[in-house]
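Hello,

Here is the structure you are taking over. My notes on its cavities and pockets follow below.

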Amino acid sequence: QIAKKAQYINIEMNDVLDLAKSAQKSMFGETKLGVIPTIAPYLLPKLMPKIRNKFPQLELKLVEDQTANILNMLYSGNLDLALIAKPYKTENLNVQLIKKDFFHVAVPSKSTLLKQTKKSLSNKDISDTNMLLLDEGHCLREHALEACSKETKQKIDAFKATSLLTLVQMVANNSGITLLPDIVVNSELLKNSKIKILDYENNKNFREITLCWRNSTPRSNDFLKFSEFLRSYV
């Protein structure tokens, strides 16, 4: 009961501070943004200079963690915003879609899948391959599993990478294939790598990159404008 009361007080105090910030013309003051590891290194390097230019009075504090921890911090009042990927439970939050992040098939440069004449690979095409995924707890793993067929899931490698960097290196070294979203495919991570990217399921499978905040915050209008800004650059 004490812990719940303390959390309530923390949120109320933050809302009082946010009320003052919301009186400004644009995003103002310290704002804590939580970002998951499968988004942060692929979007933030490009976004941060644009954010600083657009919102010069904004003091953005970044926290990188897995989705469950990010949302817990948001609910408890220790974060103002969360940049996560759905599908994921987000009750009692304002959730704004920033981008549909479509999945692609990442294969080694010598993969037999490169001999396919079709423009887009299906689950049947990749069902006999060795599928590599991130470790438990990463929502990208769950999103990739949802995209795969039952046959493909049965071929998933027992080794689970702890980061996308490790995953990409394993694919490059011919240990298997994986599914990667748009923002990773278009990042510097794959530059000069021995990986080839193929279309997957005619762009039917994707995760949703979303910006979330508490419904109780007085800064909803600011955050809506911020989400529109992100949407225009992501």
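**Second largest cavity**

Strand S6 (131-134), helix H5 (139-147) and strand S8 (178-181) are the elements that each supply at least two residues of the lining of the second largest cavity. H5 contributes the most, with three residues. Please keep in mind that this is a predicted model. The space in the second largest cavity is about 30 Å³.

**Largest cavity**

The count of cavities of 30 Å³ or more is two. The largest cavity has a volume of about 50 Å³. Its lining is made up of Ile36, Pro37, Thr38, Gln66, Thr67, Gly137, His138, Cys139 and Leu140. Four of the lining residues are nonpolar and five are polar, with no charged residue.

**Largest pocket**

The largest pocket holds about 190 Å³ of space. Helix H2 (40-54) and helix H8 (182-185) are the elements that give two or more residues to its lining. The largest share, five residues, comes from H2. The pocket is lined by Tyr42, Leu43, Lys46, Leu47, Lys50, Lys99, Asp182, Ile183, Asn186, Tyr233 and Val234. This lining divides into six nonpolar, one polar and four charged residues; Lys46, Lys50 and Asp182 are among the residues in it.

Regards

Conventions. Residues are numbered from 1 along each chain as its sequence is written. This is a predicted model: local features need pLDDT of at least 70, side-chain atom pairs count only at pLDDT 80 or more; totals for chains, interfaces and linings use all residues. Side-chain values use heavy atoms; hydrogens and water are left out. On a 1 Å grid over the protein atoms alone, a cavity is a set of points where a 1.4 Å probe fits but cannot get out, and a pocket is an open set with protein on both sides within 12 Å along at least five of seven lines; lining residues have an atom within 4 Å of a point. Grid points are joined across faces, edges and corners, and a volume is the space filled by probe spheres set on the points. Ala, Val, Leu, Ile, Met, Phe, Trp, Tyr, Cys and Pro count as nonpolar, Asp, Glu, Lys and Arg as charged, and the others, Gly among them, as polar. Helices (H or I, at least four residues) and strands (E, at least two) are DSSP runs, numbered from the N terminus.
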